[in-house]
Amino acid sequence: MNSVLEEIYSTILPAAPYVIGAYALIFLGLFVYVLIVVLGLKKTEKQMDVLEELLAEKN
Amino acid sequence: MSNTKKAVKLPEAGGIFDKIAPIALLTGALLATLGFILTFTIASLVPGAAVNGVELIGDQMVSNKLLLSQNIFYFHVPVAIASMLALGFTAYYGIRFLMTKEARFDTCAKVVTEVALVFIICTMASGELWTRFEWGVWWAWEPRLTTYLILMLLVIGYFILRNAIDDPERRASYAAVFGIITFVDVPICFMITRMIPSSVHPVVFRTDSGMPPDRLVLFLICFFGMLLIAFALYRLRFRQVRLAERVAALKEQLDD
């Protein structure tokens, strides 16, 4: 094999954990934020429904 | 001359933008996933190597060093640009607040800065892993890294400032000014690799970038995916914050 190609391919395995780690961290970071926002939205919507019912009863 | 003040159109939740937000999130996630898959399938694993001058390897003319670790670029750069664009909106809403004193613009600025912080953290995390592999260290006081770190600290400072002030109007005014000051670092951070040519960070956006078309398409797929995700996250969070404000108002109404 060409010595330059050999040099290039020798870097694949050592680099793989860093590349996979970088992608995983970005996906994880965004997923966690989406989860926090969506769960928070559901909770607030439930609170809103309860309060609207209470207000309707009061009136 | 009329003394009537022109009504300010305030951003509100529940409109067309909120209807398309889940679709934007899904499309963004699909584009990002597609970009991720293509990065490791269609694009070659190692597009180049360190050679003297230009060398033909296989069918490829190789003249620069682009190893597997370079693939981090396809997510790292779009995420970084999304964070900078979000901070542009922080400054925009800050200016709008200072002009109108409408609390809604402060809410928008707070939400968009929060989204910017999430993207900044993702940029830092992915950049750190690249730095560790390429340079063998976790951190280097390199111009781009340093200016981006300052940007991250300013954004964290923005939220510390918000939490430190109780009076809503004073908090909004201070945060608006701080948001605008934070944005000043964005063009500095973006241009630093051009201003200091010795910087080891590559200048990505230039006319002779030499990015092959297949890699450019990959980059654009990831880029638009991240922009759609950022937009959707902003709209979802804004809807939640507005709803929470209405819940608080209803609670007050019930207490009365």
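Author: The contact takes 49 residues from chain B and 35 residues from chain A, where contact means heavy atoms within 4.5 Å. This is a predicted model, in which local features need pLDDT of at least 70 and side-chain atom pairs count only at pLDDT 80 or more, while totals for chains, interfaces and linings use all residues. Residues are numbered from 1 along each chain as its sequence is written, chains are lettered from A and ligands numbered from 1 in the order in which they are written, and side-chain values use heavy atoms, with hydrogens and water left out.

Between them, chain B and chain A bury about 3800 Å², 83% of it on carbon and sulfur atoms; buried area is the accessible area (1.4 Å probe) that two parts lose on being put together, summed over both. In chain B, the residues that lose the most area to chain A are Phe133(B), Leu250(B) and Leu254(B), together 16% of what that side buries.

The count between chain B and chain A is 1 salt bridge, meaning a side-chain nitrogen of Lys or Arg within 4 Å of a carboxyl oxygen of Asp or Glu. Arg239(B) and Glu45(A) form a salt bridge through their side chains, at 2.9 Å from N to O. Side chains of opposite charge can pair when their charged atoms come close. Across the interface, 3 residue pairs are in polar contact, both residues at pLDDT 80 or more; a polar contact is a pair of N or O atoms within 3.5 Å, and within protein one must be able to donate a hydrogen and the other to accept it, with residues adjacent in sequence counting only if both atoms are side-chain atoms.

Elements giving two or more residues to the side of chain B that touches chain A are H1 (16–40), S1 (55–57), H2 (73–100), H3 (103–135) and H6 (213–255) of chain B. Here helices (H or I, at least four residues) and strands (E, at least two) are DSSP runs, numbered from the N terminus. H6(B) gives the most to this side, with 15 residues. The residues of this side divide into 32 nonpolar, 9 polar and 8 charged; Ala, Val, Leu, Ile, Met, Phe, Trp, Tyr, Cys and Pro count as nonpolar, Asp, Glu, Lys and Arg as charged, and the others, Gly among them, as polar.
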